[in-house]
Amino acid sequence: MEGSTADSEPRNGPALAVVLAAGDGTRMAPLTPERPKALLPTLDTPQLAWVLASVARAGAEQVFVNCHSGCDLIVAAAEEASRRLPVNVSFSPEPTARLGTAGALHALASKLTGPFLVANADIATDFPIERLIEAHRSAQAPATLLAIPAEDGADLIVEESWVIDLIDRREQVRSGHRYGGVAIFEPEVLELIPAGVSGLYETVMKGLVRAHRGLAAMEWDGYWVDVGSPRDHLKVNLDVLAGRRDPKVVSEAATEDCERWDVVAYVGQGAMVDDVELRHTVVGRGAQIAAGSRLERCVVWDGARLERGHYREAILTPAQVFKL
């Protein structure tokens, strides 16, 4: 759904946002041939839709979504989500090759004329982006990042809300903070990004830190998951069932069109689960499970068809049973 870019910043935050949804999902490889990583469902709602809901809640009016593999599926899912949200969504396809997290912004530079949010489509979090907006205004920095405390695998060194150094996780494993996949940038950072393929770490973050121009950070120790593997995909679904997510975040993102939703199971609209025992399991809409089956700690995608059996710690899609 195309929409025009707002000319002024709304009261709640930047009018512009970019959601990065072009990742290949290498660690999700058993699942991504069926569906792009950005569209893996949490309670029958694509991960992308959860992120769109969060940036809409923060005040974004115009959202740009980039895509590479499965672009047509991503466009359809984003358009469906936008019909429930107060945002206009436009798309930035990368048909021949992924441009990277920074290259994607370079491709949109002519449209990013004011402060803009950037959010990774594969991050599940209850973080209120409104707080990042407040921190960015207070810091008056070119960029403000969400920083997640990390005992190992850190890529940021943060002191008193400023990033003072960066860590290459491929070369050094240490404690510190990890970039949380959400940031606010001023248009001036686009000058640091070359044409072609590039990443935010190598261009914007290093550029700002090395030039001492200021890279602010806000720490968050609440709910946050980088949904990078099948086990992460299972976790974020079961976390919602267990009540580990903010109810407001869940209600804004997840559809209410379901047959059952409690701490033991979620059953999507039209799913067939007669005489099926469900224990901490999510069943997508239209799925069919043979009577007499038992499922424990599973995610069943919409449209899947399961033969009678006992399934545990598994992701069940229309094409496969992936055991964790």
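**View 1. Lining of the second largest cavity, by residue class.** In this predicted model, the lining of the second largest cavity has four nonpolar, three polar and two charged residues (Ala, Val, Leu, Ile, Met, Phe, Trp, Tyr, Cys and Pro count as nonpolar, Asp, Glu, Lys and Arg as charged, and the others, Gly among them, as polar). The residues that line this cavity are Met28, Lys37, Leu40, Thr42, Gln47, Asp122, Val227, His233 and Val236. Its volume is about 50 Å³. A cavity is a set of points on a 1 Å grid over the protein atoms alone where a 1.4 Å probe fits but cannot get out, and lining residues have an atom within 4 Å of a point. Grid points are joined across faces, edges and corners, and a volume is the space filled by probe spheres set on the points.

**View 2. The largest cavity.** Three cavities of 30 Å³ or more are present in the structure, and the largest has a volume of about 170 Å³. Its lining comprises 19 residues, of which Trp50, Val51, Ser54, Ile123 and Thr125 are the closest to the centre. By class, 12 are nonpolar, five polar and two charged.

**View 3. Elements around the largest cavity.** Helix 1 (47-57), strand 6 (116-120), strand 7 (123-125) and helix 7 (247-253) each supply at least two lining residues. Helix 1 gives the most, with six. Helices (H or I, at least four residues) and strands (E, at least two) are DSSP runs, numbered from the N terminus.

**Notes.** Residues are numbered from 1 along each chain as its sequence is written. Local features need pLDDT of at least 70, side-chain atom pairs count only at pLDDT 80 or more, totals for chains, interfaces and linings use all residues, and side-chain values use heavy atoms, with hydrogens and water left out.

How values were computed:
1 Å grid on protein atoms, 1.4 Å probe; cavity = no way out; pocket = protein on both sides within 12 Å on 5 of 7 lines; lining within 4 Å.
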